[in-house]
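The tour begins with the whole chain and then moves to selected parts.

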Amino acid sequence: MENTLRTIIKDEKPALIEFINANCGPCEMMTPALQQVKNTVGKRINVHIVPVSDVEKITQEYHIEVVPTTVLFHKGEVLWQSSEVLSKQEIINIVLDKIDS
């Protein structure tokens with residue numbers, strides 16, 4: 001999983017990654033919003049929900065210390081990162097602003 005996620009993070013196509021943990025209430029709240037984001041802008045960005053336990057080296061490398069944490073990557077660079085619970089529209093607005101600028 002680590003190698004696959006590294007490939008996605010470094011890709012030309014921006015990637016929105018939601019780092020979650022099992023039994024995390026806020027993580028469960030974000031999952032439907034991320035699915036809606038994927039349905040809305042999935043042709044322009046990759047959207048993935050990833051348990052932190054599956055990608056421990058990546059979470060250390062990018063300083064993911066709390067969950068949920070949403071990170072927008074492009075070519076290996078962090079364009080945006082948040083540990084807030086956000087709505088679908090808030091996420092879409094931020095993502096489009098970041099990838100269109």
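Helices (H or I, at least four residues) and strands (E, at least two) are DSSP runs, numbered from the N terminus. This is a predicted model, in which local features need pLDDT of at least 70, side-chain atom pairs count only at pLDDT 80 or more, and totals for chains, interfaces and linings use all residues. Residues are numbered from 1 along each chain as its sequence is written, and side-chain values use heavy atoms, with hydrogens and water left out.

**The whole chain**

Along the principal axes, its C-alpha atoms fill a box of roughly 30 × 25 × 20 Å.

Next, colour the chain by accessibility. Contact means heavy atoms within 4.5 Å. Among contacts between residues at least 6 apart in sequence, 71% join residues at least 24 apart.

**Helix H1**

Now select residues 2–10, which form helix H1. Which residues of H1 are buried? They are Glu2, Leu5, Ile8 and Ile9. These residues cover an arc of only 125° around the axis (taken from the directions from the helix axis to the C-beta atoms), which puts them on the same side of H1.

Show the partners of this side as well: the buried residues of H1 pack against strand E1 (15–20), strand E2 (46–51), helix H3 (56–61) and strand E3 (69–74). Then turn to the face of H1 directed away from its buried side, where the exposed residues Asn3, Thr7 and Lys10 are found.

**Asp54**

Finally, select Asp54, located in the loop between E2 and H3. Is Asp54 buried, partly exposed or exposed? Its relative accessibility is 38%, so Asp54 counts as partly exposed. Neighbours within four places in sequence aside, Asp54 is in contact with Met1 and Glu2. To end the tour, display the C-alpha atoms of Asp54 and Asn3: they are 51 residues apart along the chain and separated by 11 Å.

Terms used: Buried < 20%, exposed > 50% of the residue type's maximum accessible area, 1.4 Å probe, protein only.
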